[in-house]
Amino acid sequence: MTSSTTSGGLARFNALEEHAAYAALHEACASAAWAHRLLTRRPYATTDDLFAESDVATAGLTDTDLDEAMAGHPPIGRPKPGDPTSSREQRGMAGASEELKAEMLELNLAYQEKFGHVFLICATGRTGEQMRDAVRERIGNAPGREREIVRTELGKINRIRLARLVEEDAPA
């Protein structure tokens, strides 16, 4: 969602009390630094301004901040129980075969062993096979290269989650 004027959902977000706005942002991204930066830049005139600030905040995350953000994401194929956001985003794994689920578990564990964090990918709209192929490809990356890919993927996830946060019909 992009707009040149403040939408109802964005206006609602801008008007939230600080603690409620922080909680909503922290639910979108588990990095406290990211949430604080977006919080302190309110109000946003447009969703494009919100997205641009998210991009700047994501690019500026320290390694520790990036680790904190990744810690808020469950492994692909294993969304947290009661977490509709991860379940929705990982929908492509829902109908996967048992073989694919088992392979993803093995790949996730190997990836985590190599890099020390979950395999992070913007899973929205991807099939289980596409996610499997991505982890297969990325597990061969050098750690520095992989962190930059993770940062890019996190930025995509953050934008999707922010868009949902400021939808016109989002609850107040």
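**Figure 1. The largest nonpolar core of the predicted model.** Of the 40 residues in this core, those that touch the most other members are Phe-13, Leu-25, Trp-34, Leu-38, Leu-50 and Ile-76. At least two core residues come from each of α1 (8–15), α2 (18–28), α3, α4, α5 (63–71), α8 (98–115), α9 (128–138) and α10 (143–165). In soluble globular proteins, nonpolar side chains tend to be buried together. The structure shown here and in the following views is a predicted model.

**Figure 2. Overall arrangement of the protein chain.** The chain contains ten helices and zero strands. Read from the N terminus, its elements follow the order α-α-α-α-α-α-α-α-α-α. Of the 172 residues in the protein chain, 46% are buried. Where contacting residues are at least 6 apart in sequence, 71% of the contacts join residues at least 24 apart.

**Figure 3. Surroundings of the core residue Ile-76****.** Ile-76 is one of the residues that touch the most other members of the largest nonpolar core. With residues up to four places away in sequence set aside, Ile-76 touches Gln-90, Met-93, Met-104, Asn-108, Phe-119, Ile-121, Ala-123 and Met-131.

**Figure 4. Packing of helix α3 against helix α4****.** Helix α3 spans residues 32–40 and helix α4 spans residues 47–59; the two pack at an angle of about 145°, and their axes are 9 Å apart. Their crossing is right-handed. On the α3 side the contact involves Trp-34, Arg-37 and Leu-38, which meet Leu-50, Glu-53, Ser-54, Val-56, Ala-57 and Thr-58 of α4. By residue class, this contact comprises five nonpolar, two polar and two charged residues. Trp-34, Leu-38 and Leu-50 are also among the residues that touch the most other members of the largest nonpolar core.

**Figure 5. The cis peptide bond between Arg-42 and Pro-43****.** Arg-42 and Pro-43 are joined by a cis peptide bond, for which omega is about 0°. Pro-43 is located in the loop between α3 and α4.

**Figure 6. Glu-53 in helix α4****.** Glu-53 takes part in the contact of α4 with α3. This residue counts as buried because its relative accessibility is 14%, below the 20% limit. Apart from residues up to four places away in sequence, Glu-53 touches Arg-37, Leu-38, Arg-41 and Tyr-44. Between Glu-53 and Trp-34, which are 19 residues apart in sequence, the C-alpha to C-alpha distance is 9.4 Å.

**Figure 7. Thr-58 in helix α4****.** Thr-58 has a relative accessible area of 3% and is therefore buried. Its side chain makes a polar contact with the side chain of Asn-158, at 3.3 Å. Leaving out neighbours within four places in sequence, the residues in contact with Thr-58 are Trp-34, Arg-151, Leu-154, Gly-155 and Asn-158. Trp-34 belongs to the α3 side of the contact between α3 and α4, and Thr-58 to the α4 side.

**Figure 8. Thr-85 in helix α6****.** Helix α6 covers residues 84–89 and includes Thr-85. With a relative accessible area of 18%, Thr-85 is buried, because the term applies under 20%. Thr-85 and Arg-161 are 76 residues apart along the chain, and their C-alpha atoms are separated by 8.5 Å.

Notes:
Residues numbered from 1 in each chain as written. Predicted model: local features only at pLDDT ≥ 70, side-chain atom pairs only at ≥ 80, totals over all residues. Heavy atoms only, no water. Axes fitted to C-alpha atoms, helices over the stretch in contact; angles between N-to-C directions. Helix = DSSP H or I, 4+ residues; strand = E, 2+ residues; numbered from the N terminus. Left-handed = near helix turned anticlockwise from the far one by under 90°. Contact = heavy atoms within 4.5 Å. Nonpolar A, V, L, I, M, F, W, Y, C, P; charged D, E, K, R; others polar. Core = buried A, V, L, I, M, F, W, Y, C linked by side-chain atoms within 4.5 Å. Buried < 20%, exposed > 50% of the residue type's maximum accessible area, 1.4 Å probe, protein only. Polar contact = N/O pair within 3.5 Å; in protein donor to acceptor, adjacent residues only side chain to side chain.
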